[in-house]
Every structure is written in structure tokens, then in C-alpha cells.
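My notes on cores and aromatic rings follow the view below.

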Amino acid sequence: MLKKLRRKVSIAFTQGLKKRPKPYKTPKPESESQPQPQPPSQSPEFSVPTTMPRTNKQRFPFIFPETDSNVLPEPSNFFSQNLLSNPLPTNSFFQNFVLKNGDVPEYFHPYLIKPSNSSLSLSYPSQISNTAFTYQAFNSDLTITNSNEKTFHSNHKISSYSDLSVTLEIPSSNLRFFLVRGSPFVTFSVTQPTPLSISTIHAILSFSSSNESQTKFTFQFNNGQTWLLYASSPIRLNHTLSEITSDPFCGVIRVALLPGSDSRQVAVLDRFSSCYPVSGDAVFSKPYSVEYKWEKKGWGDLLILAHPLHLQLLSNVGSGVVVLEDLKYKSIDGDLVGVVGDSWILETNHVSVTWHSIRGIRDGSYDEIVSALVRDVEGLNSAGISTNSSYFYGKLVARAARLALIAEEVCFPDVIPAVRKYLKETIEPWLDGSFNGNGFLYDKKWGGIVTKQGSNDSGADFGFGIYNDHHYHLGYFLYGIAVLAKIDPAWGRKYKPQAYSLMADFMTLSRGSNSSFTRLRCFDLYKLHSWAGGLTEFADGRNQESTSEAVNAYYSAALMGLAYGDPHLVAMGSTLTALEIHAAQMWWQVKEGGNVYEEDFTRENRVVGVLWANKRDSALWFAPPEWRECRLGIQLLPILPISEVLFSDVDFVKQLVEWTLPALNREGVGEGWKGFVYALQGIYDSESALQKIRSLNGFDDGNTLTNLLWWIHSRGDEDDSFAHGKHCWFGHYCH
């Protein structure tokens, strides 16, 4: 099987793209091999297919029963009419712009941007930090509007969006803003002659035109900021203490903050002021790689700012891409550095997407694992499950699936039939709609899967019905489905359409009305990690708590690709897994002496609790900062073979565990959370960790003694070198 899949992977990425085959008119018999979906001919990306062979009882593609949710906001308030027939983003970088009044800021690197019905305000945010949190404060440094009127009743509109940009229009002001992430310039076009107002909460200390053509202006504020304005044609400006006004103007204007006092930075902004991006896409053309491509107008070269993870992964420096080390803007994500080039190629380390442990289980430890395995399998009882929560139920499914894979690895297949029976009994009711009290439905208003409970109660299932945590919940189900399809291929073939529908809810690559789901619902292609916030307005933008559950989602999708012999799904799942891991190590794992965050926050924290677009919090949604074991655990669970890659920095693991251990002395610490701390301790001190694990009298609802013993007994020696790509077979076949 592995040789076959390797051959398919090699062919898929060496022969180029093929046209999608026509839909099957009749299903093939189960004895025949499953058809392999092909990448769509209109896209340069490798495909995550969402269409499956049709049967008389199944729609094409499979869609869960439709629901008219009464808790979802109305998308027509802020999206242009031409977009409403398509699935819409529910965790996007501009989500606040289309919720409630649409006037809560979002972070676009390097500016916070706040729209209203008649204006757009931007802020180069100041950063406030202490030991508990760090965040960026919004001040209306500039507010741009039509100077004729100040009050309008029509909403702003999102007229287009892409992976790296959104176009926001204020029709009543004749303004169209090209909001491209990472642009040091805020660019807007004035669509017909309109007098403009650019106001500020600061005092304007100086104002000057830098050339006779009246196309460049410099103004300084009393807070120390210097701003530059560039116009596509001459513009006449006047100013008072806090407002700049213009005669009627039609054309393009760009404004940029000067990040320092060095005159060379002015020259850089001058040089790149004539080329502006209007949109940007991220393209997946091969595994473990993503390419940024911008559509630009004007003339000259394009300047965009890169965050630290971009710079770490950027692979085409010197081949059409130049890094400007001296042009830096401050950011909560670390310094943003200027990069010149129309196309960036970001390449990640290869990760090991495997069913079993990466290093293998130590000799002599099988008996202990098998003993625990027999007890844990005997405890499986689908009739005894009391929860109908999609999250907690999914965890129980994945927990049992781990037992089957561990049984394979320790060569004890006797328990697998019992696990298979349990997985069928727990998964099937969610796929065929027979589960009592909950189930999956399709929301056609935004275009995605919701739960029965969530369609009527925005707080049910942790907000799943308003698109919160989709990758978490569905990731657990995908893990169970992948394992069951592996050990029972006939079952896998039967439920493949439903399985792919669950996967496609958060893994779809395609865009537009030809898809039932929005593109990569949770994954942010500029930040290179996922968000979990859904359709809720947050003052600090999108957020994510558990990076490890995000890793689990993409890892599980890749495993499902292995089970179904789908190299495209393996490739996409593996790539997103690798990117999520890189981002977790960059921004959630806080290392001693690190320079991403301020010194006081770094000194007191080893892991972020909730990471927001505009804030870093030491608290969790469910626990205060001093519950350090919960912070560690929520960034580790579920424990899987891929967890070894997520926590591959042994020095950091020691820092994290030593920072956490004193918290275990607090009264009332749960045994399940202790288990996660001891699991990480096992990376560098397996004997001590093993003794502590043996003494536990309880486990997390997604974990077992079997799984913890498997983890400890599959640790290598502390000095055994480990890197992302060392044990990754995929990398040998996908160059």
C-alpha cells in the first residue's frame, strides 16, 4: 500500500495537472479500487477534492441535510451582491468588518484598520505589555472620508477578497480601499471627483509638499509620527490643527507611516510608492510549499512587509526577491521587514505524517502497553456515552482510534475487532443522521457544516453553529474515520462521501459557487496558522487557543488521505500541518531569551494561553493564568505521533515543564492535566515521567493510560538527533 501511494504521489507531482474526470454515472463495485480525484484544470494548486461518485441515495457532492439557522448573522449586510451566491469566509482576517456594525478594527500588518459607514480609520498601534498579556492599542491616527458629509446611513461593502487582501468600498464617499496584508502603504482610489478629509486625533505640527508636482506630502504629528502621502496626480491640500482637506480629486492615494527617523527609509518608501497591490493569493503547487502572488498596478517593484515566520521560510531570496533589513515596522508578531518582489516562495520542513510512532517502541516495553491496552479496550462502551457535544464526542472517537493503532504497533491485533465495533457504533450515527440529540447539518447562508444543537443555540457545541472551532471538532472525527477506514476498507468506501464532506468543510482549496464550502475556513494564509473564533465580533480580532488541536485537524486529514489512497489530500494535510507547527513554535511557544515578545511577558510565560490577532493572553478561555498545567496541556492534546514534531525542541520542552511543575502542587489539579505535563517530561526524562504516569488515577477524556505508555516507551535517547524531515518518507518522493 505504501509503495503504491508513493508511486501515486510521485506521478501526481511530476506529470503536471490533468483535467477533472467527468462525474461517475454509476458507482463502481466495492471490489474495485477507488477512483483517485484529479486536480482541477482551472487551478495551479493541488486539489482537495470535495466531489465523490454519486449513488441513487447520495447527492453529488454529499451535503448533509440543510438547515435554516436562526443564530447566524445576515451576510448581505456587508458583502456585495455578487459574492452572496458563494460560500463565505467565517474565520477571516477581516471578519469584524462584516459582523454587527462592521466597525471593530482588524490588524492588517502594520496597521489596525477600522471602517465605518462613511470613513476608514487607521492606526499604527502602540504596544502595551506586562507579565499577563501584551496587546496593541488602537488610536485613530488617520481617518479618511468625503469632506462634504460626515454622516451616512448605507453600510460599507466588501466587493472582493482573496487570501492576502480585501477590497472595501464606501459607496457614499466614492472610496475604494485595497487593503493588502503586509503593505506599508494604505492604498485607496477615489472613483469620481470628491473632496477629501484626512483627520487625526493628534495635532499636526508640520505639513509640506515634497515636490512641485503636488503628488507627495509629508506631515508630522505631536505624538512623534511622520506620515507620507502619495497621489497619482496633483492634489491641492490644506490643513488645520487636526485635519487635512482637499479640492475634488479623482485617482489613487497612498499613505504610509515613516517607521523611523532615517532619511533612507523615506527614499525606500518613495521608490516603491508607484507600484501598489490590489489583491494577493497563496498558491499550493507542491507539497510543503506555498507561493504568494500579488496582482499589482502602477509601475516599478512591489514592496510588502514580512513577519518573522515569512523570513524563516522564504526560499527565493536572491531570485527575484530582496529583503530590506533596514525597513522595519513594529508588530505584536515581531518586527515586520520589507521584502521586494512580486512572488514569494515559502518552504517548510517536511513533517512525518505516520500512523505509528516515528522512532518505534522500545524493546521490552510491549507487555506493559498490551496490559493497559486490554483494560482500556474492555472499557469501551458506546451505549454508555452520556455526551452529545460534537467536541467531547469527537474526542472519545479519536481516543478509541488511538487504541487500534497502538494495537497494530505492539503486534496485538486481538483487540482491534472490539475497537472497530466501537468506532462504527459511534461514528455512523453522525454520518447517517441517526444520532439522538445532535448531528451534522448544512448551512447554505454562509456555506458550511453546523450541528443541530448549534443551529438553534449559538453557545451550544462551543459555538460550532456560528463556525467556532470547526477544525477542532471535525479533526477528531476525521481521525476516527481515517483509522476506521484503514482497518475496515469496506466501511471506508461506504462512508467516503460523508467523510470527505466533513474534511472539505475546513480543507477546501477551491473558490466560488462551484464549491459547497469556503476556501480553507480556519487557516490564515498570511499568518500561516489557524483561527477558531467564527462569526463572533472580537475587539482583538480572531483568536486561537489550542494549536495542537489545529495540528491534529490537518494531520488527521492527511491520515484520511493515506487511508483512501489520495495523494492530494495527503499533500495538503501534510503541508498545513507543517505550517501550523512552525507557527506554534514561533508564536505560542515562548522561549527563554526570545525576542518576539516584550521582556516582561517573555520572562513570566513559556506558552501563550489564547493568541489573538491583536493580543497575547496568558489566560485561557476556561482557566486563569496560574493554571499552567492547563496551558501546557491545551497546547499538547491530543498526544499523537505528530506531537513529537510539534515539541521537537528539547531545550524548550525542559523550560516549559520546569515552568509548569510547581503548578501541580496546587490543590485540585486534575489528573488528566498532570498526564500531559508528565508526557512532555518524558521527552527528556522518560524514567521519572514513567513512574509518575504509572501513579495517575485518571486521564483526560481524549487520553488513556495506553496512549501515555505508548508515548513514553517510544521516546528516543535525549541525545538522539531529531528533525522534521529526518523520518519523513513523503519528502523522498515529492521533490
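Predicted model: local features only at pLDDT ≥ 70, side-chain atom pairs only at ≥ 80, totals over all residues.

Residues are numbered from 1 along each chain as its sequence is written, and side-chain values use heavy atoms, with hydrogens and water left out.

**Entry 1: the whole chain.** I found 18 helices and 31 strands, taken as DSSP runs numbered from the N terminus (helices H or I, at least four residues; strands E, at least two). Of the protein's 735 residues, 62% count as buried.

**Entry 2: the cores.** For a nonpolar core I took buried Ala, Val, Leu, Ile, Met, Phe, Trp, Tyr and Cys residues joined through side-chain atoms within 4.5 Å. The largest one has 155 residues, and L423, L502 and M560 touch the most other members. I then followed M560: beyond its neighbours within four places in sequence, M560 is in contact (heavy atoms within 4.5 Å) with L478, I481, A482, A499, Y500, M503 and L569. There is also a second, separate core of 67 residues, and V186, W227, V340 and Y467 are among its members.

**Entry 3: aromatic pairs.** Rings of Phe, Tyr and Trp (its six-membered ring) pair if their centres lie within 6.5 Å; planes under 30 degrees apart count as stacked, over 60 as edge-to-face and the rest as tilted. I counted up 46 such pairs in the structure. Why is the pair of Y393 and W430 tilted? Their planes stand at 50°, with the ring centres 5.3 Å apart, so the pair gets that label. Y393 belongs to helix α5 (residues 390-409) and W430 to helix α6 (residues 416-432), so I noted a link between distant parts of the chain, 37 residues apart. Y393 is buried at 4% relative accessibility, and W430 is buried at 1%.

**Entry 4: the cluster.** Both rings turned up again in one aromatic cluster, made of F62, F64, Y393, W430, F435, F440, F464 and F477.

**Entry 5: charges over rings.** I asked for NZ of Lys or CZ of Arg within 6 Å of a ring centre and within 35 degrees of the ring normal. The charged end of R402 sits over the ring of W710, 4.4 Å from its centre. R715 lies over the face of W711, at 3.8 Å from the ring centre.

Conventions:
Buried < 20%, exposed > 50% of the residue type's maximum accessible area, 1.4 Å probe, protein only.
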